[in-house]
Amino acid sequence: MCKKMLLEITLLTLTAALHATPAAAQPLETAIAEDYAYLDELFRHFHAHPELSMQEHETSDRLAAELGSLGFEVTRGIGGTGLVATMRNGPGPRLLIRADMDGLPVEEKTGLSYASEKRQVNLQGVDMPVMHACGHDMHMTTLVGAARQLAARQDDWSGTLHLVGQPAEEALGGARAMVADGLYDQIGRPDFALALHVIAKYPAGKIILNDGLMYSSADTVNIRVRGVATHGASPHLGRDPVLTAAQIVVALQPIITREISPLEPALVTVGAFHAGTAPNVIADHADLAITVRANTESTRAYLLKSIERVALNTARAAGIPEHLLPEVMVAPFGAPTTTNDAALSARVRQAIEAGMGSDAFVAWKQTDMGAEDFPDLVNIDPVIPSVYFEVGGTPPERLAAGDWADHHSGLFQIDPEPAIRSGVEAMTLAALNLLSPAPD
Ligand SMILES: [Zn+2]
Ligand SMILES: [Zn+2]
């Protein structure tokens with residue numbers, strides 16, 4: 001045998017080994033453990049090659065290749081880089097599972113051997129460091145891991161499986177873009193939808209699932225406060241937008257402390273305040289950028305309405321003429337609350353508990369007002385019943401020592417093996433339950 005042939009055969013064997021799906025005859029937990037070397041390589045690849053929101057081109061290529069090689073029919077380019085991979089396996093319900101694909105403009109400082117050194121020019125033309133600082137690399141790896149188990153166990157389920165790779169979760173626009181671009185015209189309306197997020201503040205591999213609220217709503221409000229420009233030494237000849245904007249920042253806070261019930265979570269954070277050019281110039285405008293969070297749609301609507309009322313009337317009190325009152329703009333890409341369907345959540349919990357035991361879970365507790373754009377994928381008419389669960393990402397001893405970094409930090413890192421193995425197992429158990437064949 002010539003060397004070239006030998007090399008070709010070796011390469012073919014290697015490729016076959018890489019694409020071999022896990023054996024179906026084994027118990028799920030064992031099959032996932034044996035498949036982990038494959039998933040670990042994939043996770044490291046995704047981690048080392050992050051891409052910014054709406055620019056997940058190579059990520060989407062790799063995810064499409066992984067799912068295509070398992071026999072899924074892959075449709076690309078839905079809502080930008082979005083994709084859906086479909087496997088039809090007899091009559092039965094249609095289940096959608098979503099993984100988000102984007103990284104963040106964060107410089108990685110973990111020192112991991114597979115740390116990202118990637119930079120990318122963002123959509124505004126600015127060169128940025130990029131990092132999977134939220135764990136979306138784990139979500140894609142888990143999606144592929146569950147796909148590999150489900151593809152190997154087609155005798156154990158019946159129905160249609162749609163796996164979605166979604167762009168731009170961090171920018172809160174990707175789910176909406178996929179729906180607007182005809183995702184459901186393409187695949188029809190699924191009966192159920194599932195998603196997961198790895199979460200650093202919980203022990204690696206533990207499952208966190210609530211039968212109702214998982215995440216708050218999130219909206220961005222931009223306010224342009226307009227004034228009348230003048231010399232800094234003659235303030236009486238103009239109207240100072242910096243002072244008025246500062247008063248608005250303070251006047252927004254009593255909405256939370258005096259207007260909303262003290263028992264109802266609500267949040268208004270003015271994260272950016274830009275104004276002025278020089279100490280002796282009174283500017284003609286000041287810009288505020290605000291994030292607004294709530295746990296119910298009624299509180300969300302109340303906050304958005306009240307912010308406008310406070311902004312306009314604070315400006316009026318400052319003597320700003322009516323035609324120069326602040327422009328209050330609610331950005332169109334806000335996300336509603338992520339709320340699990342209670343009945344479906346109970347069913348998913350039971351399925352996971354039956355396979356992984358009750359000690360697989362850690363109780364859910366809201367500790368901040370984080371948000372997700374997954375609801376934009378399922379809040380169509382009629383709403384798709386959905387469940388979103390979390391998988392812990394940090395070794396317990398590091399949690400106990402306080403030696404861990406939160407999401408969106410350059411130091412963010414998860415313990416991939418327990419998180420991915422649990423994520424794959426929980427997602428596969430949930431899918432097998434929801435796609436259980438009808439009794440004969
Ligand atoms: Zn994030
Ligand atoms: Zn995230």
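Reader: Which residue just after α8 takes a positive phi, and what is the angle?
Author: The model is a predicted one. Helix α8 covers residues 297–317. Just after this helix, the residue with a positive phi is Gly319, at about 80 degrees.

Reader: How far does helix α8 reach from its first C-alpha to its last?
Author: Helix α8 has 21 residues. At 1.5 Å a residue, the expected span is 30 Å. The model comes close to this expectation, with a reach of 30 Å.

Reader: Why do the buried residues of α8 lie on the same side, and what arc do they cover?
Author: The buried residues of α8 are Thr299, Arg300, Leu303, Ile307, Val310, Ala311, Thr314 and Ala315. They lie on the same side of α8 because the arc they cover around the axis is only 125 degrees.

Reader: Which exposed residues does the face of α8 turned away from its buried side carry?
Author: An α-helix has 3.6 residues a turn, so residues three or four places apart point the same way. On α8, the face turned away from the buried side carries the exposed residues Glu297, Ser298, Ala301, Lys305, Arg309 and Ala317.

Reader: Against which elements do the buried residues of α8 pack?
Author: One of the buried residues of α8 is Leu303. Leu303 also belongs to a separate core of 22 residues, which includes Ala266, Ile290 and Ile320. The elements packed against the buried residues of α8 are β10 (217–226), α7 (241–259), β12 (266–275), β14 (285–294) and β15 (327–330).

Reader: Which residue in the turn of the β1 and β2 hairpin has a positive phi?
Author: Strands β1 (residues 73–78) and β2 (residues 82–89) are antiparallel, with 4 bridges. Thr75 stands opposite Val84 in β2. The hairpin has 3 residues between its strands, and the one in the turn with a positive phi, about 65 degrees, is Gly79.

Reader: Which residue in β6 is the bridge partner of Ala85?
Author: β2 and β6 (residues 159–166) run antiparallel and are joined by 7 bridges. In β6, the partner of Ala85 is Leu163.

Reader: How many residues does the largest nonpolar core have?
Author: Among the residues with the most contacts inside this core are Leu163 and Leu194. Leu194 touches Leu95, Ile97, Ser386, Val387, Met427 and Ala430, leaving aside residues up to four places away in sequence. The number of residues in the largest nonpolar core is 84.

Reader: Is Ala168 buried or exposed?
Author: Ala168 lies in the loop between β6 and α5 (174–180). Its phi is near 50 degrees, a positive value in a residue other than glycine. Because 26 other C-beta atoms lie within 10 Å, Ala168 counts as buried.

Reader: How does the exposure of His408 count, with 13 C-beta neighbours inside 10 Å?
Author: His408 lies in the loop between α11 (396–400) and α12 (416–434), and its phi is positive, about 75 degrees, although it is not a glycine. A residue is buried at 20 or more neighbours and exposed at 12 or fewer. With 13 such neighbours, His408 is therefore partly exposed.

Reader: What is the omega of the cis peptide bond between Asp381 and Pro382?
Author: Pro382 is placed in the loop between α10 (374–378) and β17 (386–394). Most peptide bonds are trans. The bond joining Asp381 and Pro382 is cis, with an omega of about -5 degrees.

Technical notes
Residues are numbered from 1 along each chain as its sequence is written. Chains are lettered from A and ligands numbered from 1 in the order in which they are written. This is a predicted model: local features need pLDDT of at least 70, side-chain atom pairs count only at pLDDT 80 or more; totals for chains, interfaces and linings use all residues. Helices (H or I, at least four residues) and strands (E, at least two) are DSSP runs, numbered from the N terminus. The expected span of a helix is 1.5 Å times one less than its number of residues. The arc is that of the directions from the helix axis to the C-beta atoms. Two residues are in contact if their C-beta atoms, placed from the backbone, lie within 7 Å. Two strands pair if DSSP finds at least two bridges between them. A nonpolar core is a set of buried Ala, Val, Leu, Ile, Met, Phe, Trp, Tyr and Cys residues joined through C-beta atoms within 7 Å.
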